[in-house]
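Subject: Structure for your review

Dear colleague,

Please find below the sequence and structure for your review. A description of the findings follows.

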Amino acid sequence: MRSSATKAIMLVLMLITASYAKAQCSSDNRAFKAGEHLSYDLYFHWKFVWVKVGAATMSTVDAVYDGKKALKSDLLFTGNSKLQSVFTMNDTLRSYVTDDIVPLYFRKGAVEGKNYTVDEVWYSYPNGKSKVDQKFLDRHGNWSRHTHVSSECNYDMLSILLRARSFDMKDIKVGQKIYFPMATGKKVEKQTLIYRGKEEFKANDGVTYRCLVFSLLDYEVKKKEKEMLRFYVTDDDNHLPVRIDFYLKFGTAKAYFANARGLRNPISSIVKSKK
């Protein structure tokens, strides 16, 4: 899947220190811990029917980055033989963050069809600013480098998902929009997230969950609103992603939660248990 397949949620404008970060840019992690492993089934809308085309896994472990303790999260998308016969797709995302979810490094390697691309982002926080050094390998094998400095906290598509899971959502209102900057290997873009409300969803583990529903929006020319992503997270302390709908250039795909281990908190959002 393309970069939009894994883009996800929020952040407010904050300042940072010359070390890893100021308190404002950090977050109290209440949602996940090292040892968590999540699995998903991937589906694609193919000739008027939904076809299972692969799987995705997300895992978080303790790690060391630049000589300091960190958390390392990996998100892997793999197409099965049905998809690979018509379109090769293997995407791997990796993010290093501090224990309080301050981004340190991001990498996305993508094999999509006959193309291979790489996004890399290094984070630093000099003089009370947020600096991202970016590197991009295009499908022709050419590297480009970019740098972006701002007073806002910058995130990538994986670290923003980690940050968002610990966000306090009890006061959020339906229709509320949240704005945040997201970095890839070649640019930093303003993204918009909108809260849709609560819905129930039966995941592939046979359990029905009460979920908070969000959409990631893009604005084309003339400020036309375009939904790129819609995702469902459990309405409990885990904020576990259980469904993600991807609106891609070549069709619609969905990821359904299949199983998990190593969760930090009990799941209290279950509406109906597995029979």
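Two strands are said to pair if DSSP finds at least two bridges between them. Helices (H or I, at least four residues) and strands (E, at least two) are themselves DSSP runs, numbered from the N terminus. Please note that this is a predicted model, in which local features need pLDDT of at least 70 and side-chain atom pairs count only at pLDDT 80 or more, while totals for chains, interfaces and linings use all residues. Residues are numbered from 1 along each chain as its sequence is written, and side-chain values use heavy atoms, with hydrogens and water left out.

**Two hairpins**

β7 pairs with strand β8 (residues 143–150) in the antiparallel sense, over 8 bridges. Within this pairing, Trp143 in β8 is the bridge partner of Leu137. The hairpin of β7 and β8 has 5 residues between the strands, and Gly141 takes a positive phi near 85 degrees there.

Strand β2 (residues 49–65) and strand β3 (residues 68–79) are also antiparallel, and they pair over 12 bridges. Lys68 in β3 stands opposite Tyr65. Here the hairpin has 2 residues between the strands, and Asp66 takes a positive phi near 55 degrees.

**The protein as a whole**

The secondary structure comes to 2 helices and 15 strands. The protein has 275 residues, of which 52% are buried; buried means under 20% relative accessible area, exposed means over 50%, and partly exposed lies in between (1.4 Å probe, protein chains only). Among contacts (heavy atoms within 4.5 Å) with a separation of 6 or more, 51% join residues 24 or more positions apart. The protein exposes about 13,100 Å², with 51% of it supplied by carbon and sulfur atoms; accessible areas come from the Shrake-Rupley method with a 1.4 Å probe, and for residues only the protein chains shown count as cover.

**Two loop residues with positive phi**

Asn127 is not a glycine, yet it has a positive phi of about 55 degrees. Asn127 lies in the loop between β6 (115–124) and β7 (130–137), and it counts as exposed because its relative accessibility is 72%.

His239 is not a glycine either, and has a positive phi of about 45 degrees. The loop that holds His239 runs between β12 (225–234) and β13 (241–248). His239 counts as buried because its relative accessibility is 10%.

**Lys254**

Is Lys254 buried or exposed? Its relative accessibility is 11%, so Lys254 counts as buried. This residue belongs to strand β14 (residues 251–261). Leaving aside residues up to four places away in sequence, Lys254 touches several residues, including Asp41, Tyr43, Trp50 and Phe246. Its side chain makes a polar contact with the side chain of Asp245 (3.2 Å). A polar contact is a pair of N or O atoms within 3.5 Å; within protein, one must be able to donate a hydrogen and the other to accept it, and residues adjacent in sequence count only if both atoms are side-chain atoms. Lys254 and Val53 are 9.9 Å apart in space, C-alpha to C-alpha, and 201 residues apart in sequence.

Yours sincerely,
A colleague
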